[in-house]
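Have the structure open as you go through them.

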Amino acid sequence: MTQPAIAPVLFDRRLLALRQLRAARAPETFLLDRVAEDIEDRLAAVNRSFTAAADVWTPGAGLTPYLAGRLPGLAHIAAPGTADETLPLAPQSLDLALSALALQFVNDLPGLLVQIRRALGPDGLLLAAMIGGDTLTELRQSFAAAEAEIEGGVSPRVAPLADLRDIGGLLQRAGFALPVTDVDRVVVRYASAFGLMQDLRRMGATNSLVERRRTPLRRATLLRMAAIYAERFADPDGRIRATFDIIWISGWAPHESQQKPLKPGSATASLETAVKRVPHSNEGD
């Protein structure tokens, strides 16, 4: 009998919870502000109302301060401070599940998506935004170059991030209908790499990998990283660029009213016939 695959434990969720709690005292929220505004716009484009909504693991106070007017009954589910990623949601208890800037820290993302799918009633909606793609590519490259030069090796400092195509596949595997994914690229400029790292701490987004290096970062490596960052990724005015890719995902719990793709071979007219019916014009007429 084949044993079910066990998701690798990439993140120390206890450490992540502690860092997010510390960050909540003086948070940096520009990314969350942007995502919350986009969530409100995307919900406004959906021609229906939601009465049972949950916010899954959005950091801090979650989306409630942003969406209280639109979703007065929105329940915020705080992220766990342990390795247990079980959601306290009954089957078909929701018609809307939201999440902002949290799913990139999930150890078993396929499993969590399946849980959300089960918690949604027929025609229920999942709408979430997570960090992925080429986020912090400049910081990754600069750290790798500095460590290779100063210490002769590279250690994991930025978490592995999901790709847009991978996320679409995970939605389908979890049983969502009409899955849609897109990317919002945000480029932020800083005076130096140290300003970026300060913002990451104030987001609670510093390194929480289980396989992180436990010894303190060498001062020489840190200074060399900042110098390489400035050499490779600075604008003419000297300010550096930091890329954040926000991956948007949405999908619906299946319902008979939803549009369905035609089955292969079910078309009643051929492409050749359709082309023949199109009137042609000569150039220069």
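How many salt bridges does the count come to? The count comes to 13 salt bridges. Keep in mind as you read that this is a predicted model.

1. Arginine 185 counts as partly exposed because its relative accessibility is 48%. Aspartate 134 is partly exposed too, with a relative accessible area of 43%.

2. Arginine 185 also forms a salt bridge with aspartate 245, and here the closest N and O atoms are 2.8 Å apart. Aspartate 245 belongs to strand 6 (residues 240-252) and arginine 185 to strand 5, so this pair ties together parts that are 60 residues apart in sequence. Is aspartate 245 buried or exposed? It's buried, because its relative accessible area is 4%, and buried means under 20%.

3. Next, look at arginine 224 and glutamate 149, whose side chains meet in a salt bridge (3.0 Å, N to O). Arginine 224 lies in helix 8 (residues 219-233) and glutamate 149 in helix 5, so the pair ties together parts 75 residues apart in sequence. Both ends are partly exposed: arginine 224 has a relative accessible area of 23%, and glutamate 149 has 48%.

4. Salt bridges link Arg189, Asp235, Asp237 and Arg241.

5. Now for some charges on the surface. Asp33, Glu37, Glu40 and Asp41 form a negative surface patch. Take glutamate 37 as an example: this residue lies in helix 2 (residues 30-44), and it counts as exposed because its relative accessibility is 52%, with the cut-off being over 50%.

6. Compare that with glutamate 85, found in the loop between strand 2 (75-77) and strand 3 (94-100). Glutamate 85 counts as buried, at 10% relative accessibility. What lies 3.1 Å from a polar atom of its side chain? That's the backbone nitrogen of aspartate 108.

7. Last stop: glycine 121, in strand 4 (residues 120-132). Glycine 121 is buried, with a relative accessible area of 10%.

Conventions: Residues are numbered from 1 along each chain as its sequence is written. This is a predicted model: local features need pLDDT of at least 70, side-chain atom pairs count only at pLDDT 80 or more; totals for chains, interfaces and linings use all residues. Side-chain values use heavy atoms; hydrogens and water are left out. Patches are made of residues with over 30% relative accessible area and no salt bridge: like charges are joined within 9 Å, nonpolar side chains (Val, Leu, Ile, Met, Phe, Trp, Tyr) within 5 Å. Accessible areas come from the Shrake-Rupley method with a 1.4 Å probe; for residues, only the protein chains shown count as cover. A salt bridge is a side-chain nitrogen of Lys or Arg within 4 Å of a carboxyl oxygen of Asp or Glu. Lys and Arg count as positive and Asp and Glu as negative; His and the chain ends are not counted. The place of a charge is taken as NZ of Lys, CZ of Arg, CG of Asp or CD of Glu. Helices (H or I, at least four residues) and strands (E, at least two) are DSSP runs, numbered from the N terminus. Buried means under 20% relative accessible area, exposed over 50%, partly exposed in between (1.4 Å probe, protein chains only). A polar contact is a pair of N or O atoms within 3.5 Å; within protein, one must be able to donate a hydrogen and the other to accept it, and residues adjacent in sequence count only if both atoms are side-chain atoms.
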